[in-house]
Amino acid sequence: MNSGVAIIASYHAHVYYEPATTREVAARLRERIGAQFRVQLGRWHDVPVGPHPGAMYQVAFEVAAFERLVPWLMLNRDGLTVLVHPNTGRPRDDHLVHALWLGGTRPLNGDTLPLSEPREEISPIVPNTAVGA
Ligand code: ZN
């Protein structure tokens, strides 16, 4: 990481929803993602956690899945806001600087994110599994 060249280990897509109104939309999207892509579906968070400003679930995926999954999300997010960020070992930059947003940006609380994390702490992706679904 001292070379100045960040290597992307994996990606996350965080799908935001409103528990009172769009949870069902988010559930349908989640099912479609799980059925069509090699991803690891994170648990539902109906209350904000970490840097995230609203309810969301995480979709973790390998670099190889990006070129199919992200364009699919562009076309199929069904009005939901999605944050896509790389995992390079620099969590604060990954979320605040290197991220892309589908459907508009939201303010993240970067104070909750470390500047760096050891590469071995970047969770490996176990595709087509759900955590606490
Ligand atoms: Zn993430």
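## Charges over rings

Arg30 lies over the face of Tyr57, 4.9 Å from the ring centre. A second case is Arg23, which lies over the face of Trp44 at 4.2 Å from the ring centre. A charge counts as sitting over a ring if NZ of Lys or CZ of Arg is within 6 Å of the ring centre and within 35 degrees of the ring normal.

This is a predicted model, in which local features need pLDDT of at least 70 and side-chain atom pairs count only at pLDDT 80 or more, while totals for chains, interfaces and linings use all residues. Residues are numbered from 1 along each chain as its sequence is written, and side-chain values use heavy atoms, with hydrogens and water left out.

## Overall build

The chain has three helices and six strands. Helices are DSSP runs of H or I with at least four residues, strands are runs of E with at least two, and both are numbered from the N terminus. Read from the N terminus on, the order of elements is β-α-β-β-α-β-α-β-β.

For 133 residues, a compact globule would have a radius of gyration near 14 Å, and the chain agrees with its 14 Å. That radius is taken over C-alpha atoms, and the globule rule is 2.2 Å times the number of residues to the power 0.38. The C-alpha trace spans about 45 × 30 × 25 Å along its principal axes.

## Burial and contacts

Of the 133 residues, 41% count as buried. Buried means under 20% relative accessible area, exposed means over 50%, and partly exposed lies in between (1.4 Å probe, protein chains only). The chain exposes about 7200 Å², of which carbon and sulfur atoms supply 52%; accessible areas come from the Shrake-Rupley method with a 1.4 Å probe, and for residues only the protein chains shown count as cover.

Among contacts between residues at least 6 apart in sequence, 70% join residues at least 24 apart. A contact means heavy atoms within 4.5 Å.

## Aromatic pairs

Rings of Phe, Tyr and Trp (its six-membered ring) pair if their centres lie within 6.5 Å; planes under 30 degrees apart count as stacked, over 60 as edge-to-face and the rest as tilted. By this rule there are seven aromatic pairs. One of them is the stacked pair of Tyr11 and Phe61, with 5.6 Å centre to centre and 15° between the planes. Tyr11 lies in strand β1 (residues 10-16) and Phe61 in strand β3 (residues 56-61), so this pair ties together parts that are 50 residues apart in sequence. Tyr11 is buried at a relative accessible area of 12%, and Phe61 is buried at 0%.

Tyr11 also pairs with Phe66: the ring centres are 4.7 Å apart and the planes stand at 40°, so this pair is tilted. Phe66 belongs to helix α2 (residues 66-76) and Tyr11 to strand β1, so the pair ties together parts 55 residues apart in sequence. Phe66 is partly exposed, at 24% relative accessibility. Tyr11, Phe61 and Phe66 form one aromatic cluster.

His12 in strand β1 and His85 in strand β4 (residues 82-87) link distant parts of the chain, 73 residues apart. Both His12 and His85 are buried.
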